[in-house]
Amino acid sequence: IAPTDFAVCFASALLTVSFFDLCPYNTLTYDVDESVFIYIARMMGKGFVPYRDMFDHKGPYLFFIEFIGNIGGEVGIWIMELIFAFVTAILMLSLTRIVTDKVLPSYLAVFGSLFVFGLYAYQGGNYAEFWALPFICASLRTIIRFFKTGEYRKRDIFLMGIDFAVVFLLRVNIAACWAALLPIVIVSLIRKGRAVDIGKCALLFCGGILGALIPVIIYYGMSGALGDMYECYWKFNFEYVGEDLTVRDICKAFIFIMRYIWPGMVILLFAAVKHIRDKVYLINLWFTAVSLVLAVISGREYPHYGVTVIPCFVIPAAMLIDDIYRANIKISPAILKTIGATAIIAVIAVVAKDTVLMTLGSDRSEPDIVRYIRENSDPDDDVLVVNGYGVFNLMSDRYTRQKFFYQYPLVVSDEFYASFFESIDFSKPDLIVVPE
């Protein structure tokens, strides 16, 4: 990687994660889901096992990532976010090089896709969708290269199997890259008379999946928690979608997500003016459509559901900026750089203003409930906070041995509702706190 490429990708990544909740030089507090993940990571360090000892319906690789990051505390998780953002930026840059040989369009496309188009959708970072980005971009690069050149490398197919398995085991409904594009790859190979390649690629792909599954099987198998993982991650997630889901719910979720990713969608549509017949653009457009469907299929309205659509924007952005660059090639490069720098500074200023206002408006003092918990419990006590999502446990450094340390799942599953009260009767907490 060239020094300039490294600098641009690292700067884009650092700027992006600087606005995340766990960034050590801002004063934002972590979100609800984020507190659940950090809580589970801390409890894993104490010997507890996700699903068996602590409920959550996210995938096992999310907890592996959180656990590794949490070795360095919350700052350690933020450093992991920086690393993942940097790798994502590098992979985005390689994607842009497939459609443009110009440096400036590539850099602006990476910066725009990672920072500008995605920042408000990240919702403070540390979500499964964010951790999935480098794996999605890596597989997308392999597939786009195949459609551009007709060739592939065996190791890339193996790695693509790993990418798929890791993302599937982060969150079930964010595997749009493979769901959308692999069937097209298979059809393309058949049409080119390369059906034999399908079997070879399938073996390599499955080998990658198996490689990613082995750590999960070993960890949860040795812990006797494979059945618990099935109940919490697979079975519960189907119940989570809900039988009462309507088309109206899905449409509302779509409109909601558009509020956070609309700049990228605008770029996607403008790029169609010139590239609507371009094979790479059409493949990327199909990938975008499937990504959006999977993002809204639950009917729930969360900004971070739109994060997995971010990789869809980098190729159209590179195409459009390249078109503009070539159309204005007679303009002085100094003027172009000045315009670009001014636009970047303007974007940073707007986002910084919002973040500063949000930070100044947050109450960073210790909540009364945290002081109450500390004053009325010992470090080894079992402290259950009702509807606390682990936030007050983390702030007070008091934990619970109850599986349902947060109670949202009880709303979705009657089975878990009954299990919660059974566990309370079987192993009574030393302190139960109900916030006002």
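**Figure 1. H8 passes H9 in a right-handed crossing.** A crossing is right-handed if the near helix is turned clockwise from the far one by less than a right angle, and left-handed if anticlockwise. The model is predicted: local features need pLDDT of at least 70, side-chain atom pairs count only at pLDDT 80 or more, and totals for chains, interfaces and linings use all residues. Residues are numbered from 1 along each chain as its sequence is written, and side-chain values use heavy atoms, with hydrogens and water left out. Helix H8 spans residues 176–191 and helix H9 residues 195–222. Helices are DSSP runs (H or I, at least four residues), numbered from the N terminus. The two pack at an angle of about 145 degrees, their axes 7 Å apart. Axes are lines fitted to C-alpha atoms over the stretch in contact, and angles run from 0 to 180 degrees between N-to-C directions. H8 contributes Trp178, Leu182, Ile186, Leu189 and Ile190; H9 contributes Ala195, Asp197, Ile198 and Phe205. Contact means heavy atoms within 4.5 Å. By class, the contact of H8 with H9 has eight nonpolar, no polar and one charged residues. Ala, Val, Leu, Ile, Met, Phe, Trp, Tyr, Cys and Pro count as nonpolar, Asp, Glu, Lys and Arg as charged, and the others, Gly among them, as polar.

**Figure 2. The axes of H2 and H3 cross at roughly 70 degrees.** H2 (residues 32–45) and H3 (residues 60–70) have axes that come within 8 Å. That angle makes H2 roughly perpendicular to H3 (65 to 115 degrees). On H2, the contact is made by Phe37, Ile38, Ile40, Ala41, Arg42, Met44 and Gly45. On H3, Leu62, Phe63, Phe64, Glu66, Phe67 and Asn70 take part. By class, the contact of H2 with H3 has nine nonpolar, two polar and two charged residues.

**Figure 3. Helix H5 is mostly covered.** Ten of its 14 residues are buried (under 20% relative accessible area; exposed is over 50%, partly exposed in between; 1.4 Å probe, protein chains only). The buried residues include Pro105, Tyr107, Val110, Phe111, Leu114 and Phe115. H5 covers residues 103–116 and reaches 19 Å from its first C-alpha to its last, close to the 20 Å expected at 1.5 Å a residue. The expected span is 1.5 Å times one less than the number of residues.

**Figure 4. Glutamate 81 is buried in helix H4.** H4 runs over residues 73–99. The relative accessible area of glutamate 81 is 0%. Leaving aside neighbours within four places in sequence, glutamate 81 is in contact with Val17, Phe20, Leu22, Glu34, Gly125, Asn126, Phe130 and Trp131.

**Figure 5. Asparagine 126 and aspartate 397 have positive phi.** Most residues other than glycine have a negative phi. Asparagine 126 has a phi of about 60 degrees. This asparagine sits in the loop between H5 and helix H6 (128–149). Asparagine 126 is buried, at 0% relative accessibility. Phi of aspartate 397 is near 60 degrees. Aspartate 397 lies in the loop between helix H16 (391–396) and helix H17 (409–412). At 43% relative accessibility, aspartate 397 is partly exposed.

**Figure 6. Phenylalanine 254 is partly exposed in helix H11.** H11 spans residues 247–275. The relative accessible area of phenylalanine 254 is 35%. Beyond neighbours within four places in sequence, phenylalanine 254 is in contact with Leu292 and Val296. The C-alpha atoms of phenylalanine 254 and alanine 295 are separated by 8.1 Å.

Definitions and conventions. Angles under 35 degrees count as roughly parallel, over 145 as roughly antiparallel, 65 to 115 as roughly perpendicular and the rest as oblique.
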